[in-house]
Amino acid sequence: MDPDEIRVKDPSPAPCSAAIFEPGVTSNSMQCSLDALDATSHAIRLRLAAEERADKGTNNAYARHVRNYVTYWDRYQAEMVADNPAWTSVPALPISAAKVLIFLDYERTREKRKPGSSDTIPGSNVGKSVIQQAISALEDWRMSHHHLYLGVPEAQVRLRDDNRIRQIESAAKHDEPKRAESSQVLKASGTTSDAYTTEELAKCSAWCLTKFSGTRQVFVGLRDRAMLLFGASTALRGEGTRMLQLSDLFLSEVCIDDIQLGYTVPVLVALADNAKSNQHGRLDEHGTLRHFHVELCPVGALAMLFFACFHIVLQPVPTFPPEFSKAGYGEFGHRSWYDLYVFWGERPDKQMSYDNHYDRVKLIHSKNDISLTKATHATRHFTAKTAR
């Protein structure tokens, strides 16, 4: 999470100017230099962490949980002062297990909020995944900023090392089957796997094709359809779908001996080397075939998307020859089309945001009377169910 999301006053002494290490330097000057080096190293660590997660949905989710915590804690302390004038208000930061436990006790009983709104859904409550992610988000912030609070012992302890946090996380898991809202959604959707049915996916596909008018909206409908069908056939996570670039696609073939010995069929393959479950650059390949039913065919959906991109919204055709005049691109040169995304929002060279992806999927669901607990990951469940 970007540390600028939450403004914190550094309680440590202001670092002194770095001094050159010479025999005559005083011990105080040396300590100032060491403090400055330590502060600089932590700033570098925070910058690297922010860059690593800049294009991840986790970045926004963690920031949201920290904001919710700070907002709740400030309100909670204001209520405590109002009830007891002798109470001394306790700041939200630094984060500690005691504060987090009180926040989570509130969080696990509150009603769910409607997507993109502060309105709540009557009779609902959040599930264990929200509690688990809240703990992870707050622990991430605590760990990233614990060096600012070296004089506060409770700020140095991992949240999940505290038995109070482990207990409330265990309670959330235990209560999950009892959540009436979740069970009603599953019953309403007619499935125990919380995934699309084939009929629902076909309905969504047809809706994206027929319910939009105007140049830009036709493109958006075709993009959403391709994003939906491609994800449903490759089991990509929402994040992996958003970060897919044109240069990640290539054609291969697979041998199907059940049809005829040595019989091969073409396969459209997407490379994924930095998805959520692959943080170390392992090269994963996700393949998809043409579908017998044209309304469910991911290859055809991508073809229509590319047609719309270059012939409806009239995006310029990229240049393919490498440019060797640009510095920093090594022996293979710079290729501008490597920067283009398959499923883009504002512009082709900028990755679609999680919020945009989430809103588009929820719109498709609401317009087609589909009740699923998942949004950007919904197609992943369909893939697993179909494979089963």
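Mentor: On a 1 Å grid over the protein atoms alone, a cavity is a set of points where a 1.4 Å probe fits but cannot get out, and lining residues have an atom within 4 Å of a point. Grid points are joined across faces, edges and corners, and a volume is the space filled by probe spheres set on the points. The model is predicted: local features need pLDDT of at least 70 and side-chain atom pairs pLDDT 80 or more, while totals for chains, interfaces and linings use all residues. Residues are numbered from 1 along each chain as its sequence is written, and side-chain values use heavy atoms, with hydrogens and water left out.

Trainee: How much space lies in the largest cavity?

Mentor: By this rule there is 1 cavity of 30 Å³ or more. The space in the largest cavity is about 100 Å³.

Trainee: Which helix gives the most residues to the lining of the largest cavity?

Mentor: The lining includes Asp224, Met227, His357, Arg360 and Thr379. Two or more lining residues come from each of H8 (215–234), H11 (354–367) and H12 (378–387). The helix that gives the most, with 4 residues, is H11.

Trainee: Is Arg223 buried or exposed?

Mentor: Arg223 lies in helix H8. Not counting residues up to four places away in sequence, Arg223 touches Leu305, Phe343, Trp344, Gly345, Met352, Asn356 and Arg360, where contact means heavy atoms within 4.5 Å. Buried means under 20% relative accessible area, exposed over 50%, and partly exposed in between (1.4 Å probe, protein chains only). Because its relative accessible area is 2%, Arg223 is buried.

Trainee: What class of accessibility does Arg237 have?

Mentor: Arg237 is found in the loop between H8 and helix H9 (238–242). Its C-alpha atom is separated by 9.7 Å from that of His381, 144 residues apart along the chain. Because its relative accessibility is 22%, Arg237 counts as partly exposed.

Trainee: Where is His334, and what is its relative accessible area?

Mentor: His334 has its place in the loop between helix H10 (298–311) and H11. Among the residues that His334 touches are Pro321, Pro322, Tyr329 and Asp339. His334 is buried, because its relative accessible area is 5%.

Trainee: Against which helices do the buried residues of H5 pack?

Mentor: Helix H5 (residues 163–175) has buried residues Ile165, Ile168, Glu169 and Ala172. They cover an arc of only 100 degrees around the axis, so they lie on the same side of H5; the arc is that of the directions from the helix axis to the C-beta atoms. The face turned away from this buried side carries the exposed residues Asn163, Gln167 and His174. The buried residues of H5 pack against helix H3 (97–107) and helix H4 (128–145).

Trainee: Which residue stands opposite His286 in S3?

Mentor: Strand S2 (residues 264–272) and S3 run antiparallel and are joined by 5 bridges; two strands pair if DSSP finds at least two bridges between them. Strand S3 (residues 284–288) has Asp284, His286 and Thr288 on its covered face, with Glu285 and Gly287 on the uncovered one. The residue opposite His286 is Ala270.

Trainee: What percentage of the chain is buried?

Mentor: The secondary structure of the chain comes to 12 helices and 3 strands. Of the 388 residues in the chain, the buried ones make up 39%.

Definitions and conventions:
1 Å grid on protein atoms, 1.4 Å probe; cavity = no way out; pocket = protein on both sides within 12 Å on 5 of 7 lines; lining within 4 Å.
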